[in-house]
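The following questions and answers examine a structural model. Please consult the sequence and coordinates alongside each answer.

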Amino acid sequence: MKIFFSRNYDSSRVEEPDFTPVSLQEAMEKTRTALDIAYAGFDNAVDTDLIDSYIYEINSLQKRYKHLTDLAALEPAAGIAKSYQHSPIRALVSHVFG
């Protein structure tokens, strides 16, 4: 009798997920690439369900890209705040008497 759905897992083939932090620039590039791929898929789709799927995917990626661009717009202000990491009073004193 043959057993179905039986697999032997080779431990050398198991890949661990990559949890390294992604930079904002890299996230924007990946999102833009995914958006270009989704637009290409939408242009070539003929089935109505597939067209709907691409519409939802494009809307989702556009919102993600907008969120990332909003974060990028805030990044220079965050870089200025990082120069004074101790306290706001110390930053004010060093700015006035500095």
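Q: In which helix do glutamate 26 and lysine 30 both lie?
A: Glutamate 26 and lysine 30 are 4 residues apart, about one turn of the helix. Helices here are DSSP runs (H or I, at least four residues), as strands are (E, at least two), numbered from the N terminus. The helix that holds both residues is H1.

Q: On what conventions does the description rest?
A: Residues are numbered from 1 along each chain as its sequence is written, and side-chain values use heavy atoms, with hydrogens and water left out. This is a predicted model, in which local features need pLDDT of at least 70, side-chain atom pairs count only at pLDDT 80 or more, and totals for chains, interfaces and linings use all residues.

Q: What N to O distance is found in the salt bridge of glutamate 26 and lysine 30?
A: A salt bridge is a side-chain nitrogen of Lys or Arg within 4 Å of a carboxyl oxygen of Asp or Glu. The side chains of glutamate 26 and lysine 30 meet in such a bridge, and the N to O distance is 3.6 Å.

Q: Which class of accessibility does lysine 30 have, buried, partly exposed or exposed?
A: Buried means under 20% relative accessible area, exposed over 50%, and partly exposed in between (1.4 Å probe, protein chains only). Glutamate 26, at 34%, is partly exposed. Lysine 30 has a relative accessible area of 51%, so its class is exposed.

Q: How many salt bridges does the count come to?
A: Another bridge joins the side chains of lysine 66 and aspartate 70, at 3.2 Å from N to O. These two residues lie 4 residues apart in helix H2, so they are separated by about one helical turn. Aspartate 70 is partly exposed, with a relative accessible area of 38%. By the stated rule, the count of salt bridges is 3.

Q: Why do the buried residues of H1 lie on the same side?
A: Leu24, Ala27, Met28, Thr31, Leu35, Ala38 and Gly41 are buried in H1. They lie on the same side because they cover an arc, taken from the directions from the helix axis to the C-beta atoms, of only 145°.

Q: Which exposed residues does the face of H1 turned away from its buried side carry?
A: An α-helix has 3.6 residues a turn, so residues three or four places apart point the same way. On the face of H1 turned away from the buried side, the exposed residues are Lys30, Ile37, Asp43 and Asn44.

Q: How far apart are the end C-alpha atoms of H1?
A: The expected span of a helix is 1.5 Å times one less than its number of residues. For the 21 residues of H1 this gives 30 Å, which agrees with the distance between the end C-alpha atoms, 30 Å.

Q: Which residues does threonine 31 touch, not counting residues up to four places away in sequence?
A: Threonine 31 lies in helix H1 and counts as buried at 3% relative accessibility. Contact means heavy atoms within 4.5 Å. With residues up to four places away in sequence left out, threonine 31 touches Leu61, Arg64, Tyr65 and Leu68.

Q: Which residues does alanine 45 touch, not counting residues up to four places away in sequence?
A: Alanine 45 is placed in the loop between helix H1 (24-44) and helix H2 (48-82). At 13% relative accessibility, this residue is buried. Beyond four places in sequence, alanine 45 touches Leu50, Ile51 and Tyr54.

Q: How far apart in space are glycine 41 and isoleucine 51, C-alpha to C-alpha?
A: Glycine 41 belongs to helix H1 and is buried, with a relative accessible area of 14%. Glycine 41 and isoleucine 51 are 10 residues apart in sequence, and their C-alpha to C-alpha distance is 8.5 Å.

Q: Which element of the chain has the lowest mean pLDDT?
A: The value pLDDT is the predictor's confidence in each residue, from 0 to 100. The chain averages 78, and 64% of the residues score at least 70. Among the elements, H1 has the highest mean, 94, while the lowest, 60, belongs to helix H3.
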